[in-house]
Amino acid sequence: MEFSEFADLPVIDCHAHFKGGVKNIEELVSEGETLIEVIKRGRLRQMYITGEYAGLYLKVKYPGLFYAGGGVPAPYVDGIGRNPVKDWDRYIDELIEVGFDGIGELVSKPAERSRRIPLNSQYYEGFWDKCESAGYAVLCHVADPEEFWDERLIPEWAREKGWGYYHGDFPSKEELYEEMYQILDEHPHLKIVLCHFYFISADLEKAEGFLNQYKNANLDLALGVELMYNISRRRDDWRSFFIKHQDRILFGTDIGVSQTLQEHLDRVWLLRNFLESDEEFYTPETADPLLTRYREPYVGLNLPRHVLEKIYAGNFMRLWGEKPRNVDLERAIAKCEERGEKFIAEALRGLTG
Ligand SMILES: [Zn+2]
């Protein structure tokens, strides 16, 4: 299908990034303009952008089009660094007050044990408690596709990025899941979306068991194109799964892992064509290299309109709110100064008055 043939429904991308982060004011402005083009040409209504205070800049510059995720220290020894958060209550309250809409993407990719801080460790206890009690949604990446633990099966592009977990003291995929099970057990009201379909698309029965056991867990579709590939191999069973769990699945692209406007749009197109059409199709040639080129086709799910409505926007709004929060511009500027992000402070100042 063409973009113009896709359903006329509000679509919110729950998982987008600035490509490679932004390092100066010119990049901030031009990346913002690129994302606006993606919204227009990709027929999106809004985006939830990870990028901390740069995300707040987009919220102020383009009112109503962006939700922004606040950051928390990454779960690695070098991520938590010299200034670990001690008072999570205050930390999260500040993020809410300055105008962030939720947390994340909080990324817990596999790392060697000596480097990792498990998400269920004592350090994060107050974080999960606070997000649950404040009803503050978290976008969270746990683990990776199973083939990354297997030297024979890992795709070349992943190996090149150093995402192979077979030489060294890495936790198993199941161990990473155990950490999340504990968090979910202890926080039954936590609003959480697990990225990339929680990397369980290779095992439908496991996915079914997981969603049945943890009623507050949600899954995003951010590519990881292996999820579309896996789902296509048992297309009819998965189609029933999507209809049954229509309240738990969210549209997301991982734009920003892609680099160019065309690559961003290819991600939007791939997912929309997958959800809406009944076509057999392949990764477009123009798509970014992280989207594996498979020999067998993806097979579209052709989901009913009322299911699309939820996956595209309804579920996101239930978790993150009907509209983006307002930004407290003065406080945001002060925060950027304090964090040494002078160019973002300057860009925000340019938007006052
Ligand atoms: Zn991401």
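In this predicted model, Met47 has Phe66 of strand E3 as its bridge partner. The strands involved are E2 (residues 46–50) and E3 (residues 66–70), which run parallel and are joined by 4 bridges. Helix H2, residues 53–61, lies across E2 and E3 and runs at about 160° to E3.

E2 and E3 belong to an open sheet of 8 strands, in the order E1-E2-E3-E4-E5-E6-E7-E8, with parallel pairing. Strand E1 (12–17) and strand E8 (249–250) stand at the edges; each has a single partner strand, so one side of each is left without a neighbour in the sheet. In general, strands of a sheet pair through backbone hydrogen bonds, either parallel or antiparallel.

**Tyr67**

Strand E3 also contains Tyr67. Is Tyr67 buried or exposed? Tyr67 counts as buried, because there are 27 C-beta neighbours inside 10 Å and the cut-off for a buried residue is 20 or more. Along the chain, Tyr67 and Lys323 are 256 residues apart, yet their C-alpha atoms are separated by 8.0 Å. The contacts of Tyr67, leaving aside neighbours within four places in sequence, include Trp320 and Pro324.

**Nonpolar core**

The largest nonpolar core has 97 residues. Those with the most contacts inside this core are Tyr57, Leu194, Phe251 and Ile344. Helix H12, residues 305–320, gives the most to the core, with 8 residues. In soluble globular proteins, nonpolar side chains tend to be buried together.

| Residue | Residues in contact |
|---|---|
| Ile344 | Leu28, Tyr53, Ala54, Tyr57 and Cys336 |
| Tyr67 | Gln46, Tyr48, Asp101, Trp320 and Pro324 |

Tyr57, one of the residues in contact with Ile344, is also among those with the most contacts inside the core.

**Helices H8 and H10**

Two packed helices are described by the angle between their axes and the distance between the axes. For helix H8 (residues 204–213) and helix H10 (residues 235–244), the axes come within 11 Å and cross at roughly 10°. H8 and H10 are therefore roughly parallel to each other, since angles under 35 degrees count as such.

Which residues of H8 and H10 meet? From H8 these are Leu204, Ala207 and Glu208, and from H10 they are Asp237, Trp238 and Phe241. The residues of this contact divide into 4 nonpolar, no polar and 2 charged.

Methods:
Residues numbered from 1 in each chain as written. Predicted model: local features only at pLDDT ≥ 70, side-chain atom pairs only at ≥ 80, totals over all residues. Pairing = 2+ DSSP bridges. Helix = DSSP H or I, 4+ residues; strand = E, 2+ residues; numbered from the N terminus. Contact = placed C-beta atoms within 7 Å. Axes fitted to C-alpha atoms, helices over the stretch in contact; angles between N-to-C directions. Parallel < 35°, antiparallel > 145°, perpendicular 65-115°, else oblique. Nonpolar A, V, L, I, M, F, W, Y, C, P; charged D, E, K, R; others polar. Core = buried A, V, L, I, M, F, W, Y, C linked by C-beta atoms within 7 Å. Buried ≥ 20, exposed ≤ 12 C-beta atoms within 10 Å, placed from the backbone.
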